[in-house]
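Subject: Handing over a structure, with notes

Dear colleague,

I am passing on the structure below, and my notes on it follow. Please read them with the structure open beside you.

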Amino acid sequence: MADKFRVGFIGVGRPWRTEGATGFGMAYSHAAGYAKLPDCELVACADISEENAKAFAEKFSVPATYTDYNQMLAEEKLDVVSICTWPHLHARMVIDSAKAGVRAIHCEKPMAVTWGEALSMARCCEERGVQLTFNHQRRFLEPFQRAKKLLKDGLIGQMKRIEGACDNIYDWGTHWLDMFFFFNDETPPEWVIAQIDARRERKVFGVPLENQAVVDFQFTNGVRGLLQTGDGADVGYANRLVGSEG
Ligand SMILES: NC(=O)c1ccc[n+]([C@@H]2O[C@H](COP(=O)([O-])OP(=O)(O)OC[C@H]3O[C@@H](n4cnc5c(N)ncnc54)[C@H](O)[C@@H]3O)[C@@H](O)[C@H]2O)c1
């Protein structure tokens, strides 16, 4: 057992659409993943809701529960932490976990509420050699893996353009931005021109969102892109890849 990675969870929720759920209970998906890995051991979870922590611990046979995540970090000597709380808590929890000596942090998307928070999380982990990842899981799903393979196999020739459409940039668009990087081999962007319409108040997890947006951009390898969001933006496709031959 000593050679296994000790995994802990911050914010566990309840499974989506079950009694007491406040959201999607993403920690349940994370735990199901770790449980399949022979070198991981689920050792502790923390949630301000003791009932949620206990229910999660029972489901995944997690031996220790906490209502204070900092106490868990201090006592459990964790190698890996999954952070599955709401976005405004991500920065503080990532930084506390890194400072407590955790070696890898897998945090839910979206990364943070502000650019400044995102930078401080990344810097803190970089300085300490902590691996920091975010749960943009779509790139691992079969339809997207297949699309990437067809692209690599030259089905549409050389990629010229990537498009995405969804409800909003921050909560949903973060997945499509990740997919753009996935399809374009992690190439950095060269420029972005964007405009949002935020006339009506609209929030997700307390964070203000646009009503609609147009995001035009180009990557350093010349691939051009477009993300459209808001009412009516969803025109029935997730991502559209346009190449020199189709
Ligand atoms: N990757 C995806 O496809 C996907 C899908 C849905 C949600 N999410 C993201 O997952 C994150 C969590 O959303 P959710 O719907 O799973 O939430 P949830 O409401 O199901 O669970 C959040 C849990 O965090 C706990 N919590 C709150 N403050 C805490 C604190 N200080 N310490 C410890 N626990 C605390 C709450 O009590 C709750 O049990 C969000 O960032 C959301 O955007 C990602």
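To begin with the two parts of the chain, 7 residues of domain 1 are in contact with 6 residues of domain 2, where contact means heavy atoms within 4.5 Å. The protein chain is divided into domain 1 (5-135) and domain 2 (141-243), with bounds that come from an automatic or database domain assignment, and the centres of these domains, taken over C-alpha atoms, are separated by 27 Å.

Please keep in mind that this is a predicted model, in which local features need pLDDT of at least 70 and side-chain atom pairs count only at pLDDT 80 or more, while totals for chains, interfaces and linings use all residues. Residues are numbered from 1 along each chain as its sequence is written, and side-chain values use heavy atoms, with hydrogens and water left out.

Now to the pockets. A pocket here is an open set of points on a 1 Å grid over the protein atoms alone, where a 1.4 Å probe fits and protein lies on both sides within 12 Å along at least five of seven lines; lining residues have an atom within 4 Å of a point. The largest pocket holds about 1000 Å³ of space, a volume being the space filled by probe spheres set on the points. Of its 33 lining residues, His136, Thr174, Leu177, Asp178 and Phe181 are the closest to its centre. Helix H7 (169-183) is one of the elements that give two or more residues to this lining, and H7 gives the most, with 7 residues; helices (H or I, at least four residues) are DSSP runs, numbered from the N terminus.

The second largest pocket has about 750 Å³ of space, and among the 33 residues that line it, Met26, Cys84, Thr85, Trp86 and Phe205 are the closest to its centre. Because domain 1 and domain 2 both give residues to the lining of the second largest pocket, that pocket lies between them. Helix H4 (87-99) and H7 each supply at least two residues of this lining.

Finally, H7 also meets helix H6 (residues 142-152): their axes come within 10 Å and cross at roughly 30 degrees, the axes being lines fitted to C-alpha atoms over the stretch in contact, with angles that run from 0 to 180 degrees between N-to-C directions. The contact is made by Phe144, Gln145, Ala147, Lys148 and Leu151 of H6 together with Trp176, Met179, Phe182 and Phe183 of H7.

With best wishes
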